[in-house]
Amino acid sequence: MRRWPSPEASPTSWLPAAEHWNCAARCRRRARGWRRSLDDSPPCRWRRLREAEPDRRRVRYLAPMRMPNPTTDRRGSTASPRRLALCIAAAALQLGASAEAMRPTQSRQSIQPGEPAAAVAYEIDLADRAGHEARIAMRVTLAPEGARIDPAALASGLRLVMSRSSPGRYATHDFAKNVYDVEAVDQRGWKLPLDRLTPHEWRVDLASAPSEVTFRYTLYADRCDGTYSAIDRSHAHLNAPATFVWARGFEGLPHDVRLELPRGWRVSTQLPHRRDGRAFRAMHLAELLDSPIEASDHLVRGFTLPASGEIGAQEILVALHHQGDQAEATSFVHRVEAVVLETVAVFGEPPRFDHGRYTFLADYLPWCRGDGMEHRNSTVLTSSASLARSAERLLGTVAHEFVHAWNVERMRPASLEPFDFERANMSDALWFGEGFTSYYDRLLLKRAGVYSLPRFADRIGGVVDAVLRSPAVRRTSPVAASRQAPFVDAATANDPSNRENTFLSYYTWGAGVGLALDLSLRERLEGGSLDGFLQLVWSQHSEIDRPYEIEDLERLLGDYSGDPTWAQDFFARFVHDGNAPDYFRLLGQAGLRLRRADQERAWLGVEVEPAEQEEAGLLVVGNPLDGSPAAEAGLARGDRLVRLGGQEIGSLAEFEAALAERRPGDPLRLSVEGRGEEFEVEVRLAGDPGWEVVPYEELGLALTPQIERFRDAWLAPRRTLAESSRAALGTPRR
Ligand SMILES: [Zn+2]
């Protein structure tokens, strides 16, 4: 769940509503199916391995060895003779360690003098970062000052969980696979019995009535993007659900994080800094898990978002970790500012950022992967591309993620609330949350002056082409596509699927719906636009405690357009069902021509790649598209095309050349091998079905004044429009 009290609220004054967390019920439910598992042996093995190494900094983690206690250990997992022997061996080894190392590890407090420590506090040690490891100590105060923990939550022990889902990502993940070398100790440093209940959950035995539990674990992390964490010589780039184990029953309480930083590193995160810039406090677990952290030698630039109405001036920070120079950074931040201001103009006002600050956490490094991940007051932007070569593309992600500060982060579908960190969150509204956002990331780059008109036409041409061409549009809908997100959004699978024919991404499809809706509103309504409609939605659903259902959007479109019947029809045809809008007419209003890209080119409708070395021909790698010549001929994924028209083919160039020699409508004989059969089949080639969008100017077509007005209203920078409308109204008198 992500419920956000105001930052001024006292850390313990806010507790989650029972109907949302329902911890007691969940614990009871789980308790019924509870089975003790002994797969987590006590960390003797780890201890011994570490101890054998001379590196003193590793010794710090060692707690004094507690001799096994038969009373508590019978309930725990440490009683096996073999484990006992290992523990004793480790204890003997440990005698050689320094007296300093023998003292219980004291958690360094990361709080202001006089403030109570958070009930849950993490310390992150990055000494082993070169090997992609962090050692994390999580201290849980079982009876925190000023807060009451539901006794039911602790009835069977302290339950510690690694998330399976991450805000902004829709598939589930096994973050727990990279958590190891676990151990739990009490406030005296004495070991506590520890079980693993599921692959994602541990249980600490509390029979000895400790006042405090410190759970220590090593996190392995080597994937720099918006979903996972990356720890290496260059940085600790931490996505919170992939980093922090959390405690059941403590979700509503403040969580502190403190990092041990290498020299020269700093931290950027949406969480408020505390004291020395290495310590942070989240008001509750949901805020922690929504707060990515970048620790590295990076630069931070910023600008001020002007006050608007009741919302005061706010700070926009760009934390940039890259290999480029200062000039590239400066130019990038200027363009980020232009995109940010254009985005604010779409919604009419900025969001009210918690703590008055929004942070772009950008990692443009060769060892990162392309991604963007929205959060409430920050976003992660990662790419292997550089600002020098790919600034335009990187700005597209900037625009996309900043639109999310409204659309998804605050204007939120009910289907994503409360957010469940342990399973996939299925939403029927991602065509709106992601798709409309994708439409705007294109539109905003045009308005901000990053895209030329032909480039913009090309970008929306890609969207229109997909909607007009995808076989999925005929058999599914944007709503149904949204519900597929847990299978496609950074999900991994071993078994193939038939996505070519059954799925069109809600990003693309939703962008196509957004484009059609924008142009339809401009066509139907004097001064109407998608911006205007979104401002109405924003006015009704600007916080996540007022999430929307799809019916709300439909009703609001009826209100905005003044024509509920039309709104109903639009939703029925283009949201709940798969239909292609009349893009030719809609785009024509703006002097953009929708046309076939290359209809004279012969097309088979199948994707191929060279087969294995000892095999002849080309391998069919995707499913042939429904209705294509390849599908009609009965080709299937995994078949090998050996000859085209009697000619042997061994390379993609030969395949392309064989098609280029022919015309749409020509017959073509295919020799195919697949699943132990050889057969010949004749197909009739089709024309390339691709579409493109081209400005009238490029076709030598005239722009009427009406077209120019339409284009300006749609694509000109909002700030320019605002200035010209002010000029038209005359200078206001003082
Ligand atoms: Zn998105």
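Reader: Why is Cys 224 called buried?

Author: Happy to start there! This is a predicted model, and in it Cys 224 has a relative accessible area of 3%. Buried means under 20%, so Cys 224 counts as buried.

Reader: What makes Cys 224 and Cys 368 a disulfide?

Author: Their sulfur atoms lie 2.2 Å apart. The cut-off is within 2.5 Å, so the pair qualifies as a disulfide. A search of the whole structure finds one disulfide. The link has 75 degrees about the S-S bond and is right-handed.

Reader: And is Cys 368 buried or exposed?

Author: Cys 368 is buried, with a relative accessible area of 4%. The limit for buried is under 20%, so this cysteine passes the test.

Reader: Which parts does the pair of Cys 224 and Cys 368 tie together?

Author: Cys 224 sits in the loop between β7 (212-220) and β8 (230-231), while Cys 368 sits in the loop between β18 (357-364) and β19 (371-374). The pair therefore ties together parts that are 144 residues apart in sequence.

Reader: How do you know that His 400, His 404 and Glu 434 coordinate the zinc ion?

Author: Look at the distances: the NE2 atoms of His 400 and His 404 and the OE of Glu 434 are at 1.9 to 2.1 Å from the zinc ion. A donor has to be within 2.8 Å of this kind of metal, so these atoms count as donors. In sequence the donor residues are spaced H-x3-H-x29-E.

Reader: Where do His 400 and Glu 434 lie?

Author: His 400 belongs to helix α11 (residues 387-403) and Glu 434 to helix α12 (residues 430-447). The pair thus ties together parts that are 34 residues apart in sequence. His 400 is buried, at a relative accessible area of 7%, and Glu 434 is buried too, at 1%.

Reader: Why is Glu 212 called partly exposed?

Author: Glu 212 has a relative accessible area of 23%. Buried would need under 20%, and exposed over 50%, so Glu 212 falls in between and is partly exposed. This residue lies in strand β7. Leaving aside neighbours within four places in sequence, Glu 212 has contacts that include Arg 139, Leu 142, Val 185 and Gln 187.

Reader: What makes β5 and β10 the edge strands?

Author: The open sheet has the order β5-β6-β3-β10. Strands β5 (194-198) and β10 (246-247) each pair on one side only.

Reader: Which residues have the most contacts inside the largest nonpolar core?

Author: They are Phe 360, Trp 431, Phe 533, Leu 587 and Trp 714, in a core of 97 residues. Helix α10 (residues 326-347) gives the largest share, ten residues. Apart from this core lies another of 59 residues, with Val 204 among them.

Reader: What is the confidence in the chain as a whole?

Author: The mean pLDDT is 85, and 82% of the residues reach 70 or more. Over residues 1-111, though, the pLDDT is below 50. It also stays under 50 over residues 726-734, where the model has zero contacts beyond four places in sequence.

Notes:
Residues numbered from 1 in each chain as written. Predicted model: local features only at pLDDT ≥ 70, side-chain atom pairs only at ≥ 80, totals over all residues. Heavy atoms only, no water. Pairing = 2+ DSSP bridges. Helix = DSSP H or I, 4+ residues; strand = E, 2+ residues; numbered from the N terminus. Buried < 20%, exposed > 50% of the residue type's maximum accessible area, 1.4 Å probe, protein only. Donors = N, O, S within 2.8 Å, 3.2 Å for Na, K, Ca; no water. pLDDT = per-residue confidence, 0-100. Contact = heavy atoms within 4.5 Å. Core = buried A, V, L, I, M, F, W, Y, C linked by side-chain atoms within 4.5 Å.
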